[in-house]
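Please open the model in your viewer and keep the sequence panel beside it. The tour moves from one selection to the next.

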Amino acid sequence: TGSVTLSISAGTGPEEKSFAFWYISPIQLSKVNPISSPVQGGQIVSIYGDFAPILNLQFSCVIDSIEIVAERLSNSCIICSTPSHTPGLVNAEIVVQNNVSIAAFFLKFYEPFYVDDFSPKFGTTYGGLRISIRGVFDSAECYCLFGAGPIVQCSTVEKAVAECITPPSSEQNITIRISPDRVAW
């Protein structure tokens, strides 16, 4: 990061004009969370990195050519809200004035999961039971959360069925939640 003086001459007249020009180092992102969004958008994405060298510029997120004004929470975090988008992996970048890109990352848009039913409805506290969850799962990945217990990756995911193996639990009555990204439960 630094500045230089840029001189421009028209070539025919004696007048020369000078302008300040700033170099901005690309930002190393340390974390983007979450890295996915439902297709309807509205997911707040936190982007972490050292944004301190860029003090007085407005940040925006450009997600697959859709520009969204970012909010700077601190010198190390900015946030953006995702737009609505079709399912799939897309390019995203952080830009400053005049669309100068300073960092890039990927976001995955997914259809929300819908659960119709699951079975069996009970199991032992030892865990290890395969639960079949029926619904709509438009994602290659899914995760199950059993109460406040551990997050378990689905062992099988198809369009209409996802399966998870129950972890051991001392709780008697729990809520099972399912997510495509460990964030949207």
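The stops below follow the cysteines and the strands around them.

This is a predicted model, in which local features need pLDDT of at least 70 and side-chain atom pairs count only at pLDDT 80 or more, while totals for chains, interfaces and linings use all residues. Residues are numbered from 1 along each chain as its sequence is written, and side-chain values use heavy atoms, with hydrogens and water left out.

Select the cysteines: the structure holds three disulfides (a disulfide being a pair of cysteine sulfur atoms within 2.5 Å).

Go next to C61 and C80, which are joined with an S to S distance of 1.7 Å; C61 lies in strand β6 and C80 in strand β9, so the link ties together parts 19 residues apart in sequence (strands are DSSP runs of E, at least two residues, numbered from the N terminus). Both C61 and C80 are buried, meaning under 20% relative accessible area with a 1.4 Å probe, protein chains only.

S74 stands opposite C77, and C77 is in no disulfide, the nearest cysteine sulfur, that of C80, being 9.8 Å away.

Now select C142 and C154, whose sulfur atoms are 1.8 Å apart in a disulfide that is left-handed, with -110 degrees about the S-S bond.

Finish at C144 and C164, joined at 1.9 Å by a right-handed link with 80 degrees about the S-S bond.

Technical notes: Pairing = 2+ DSSP bridges. Helix = DSSP H or I, 4+ residues; strand = E, 2+ residues; numbered from the N terminus. Buried < 20%, exposed > 50% of the residue type's maximum accessible area, 1.4 Å probe, protein only.
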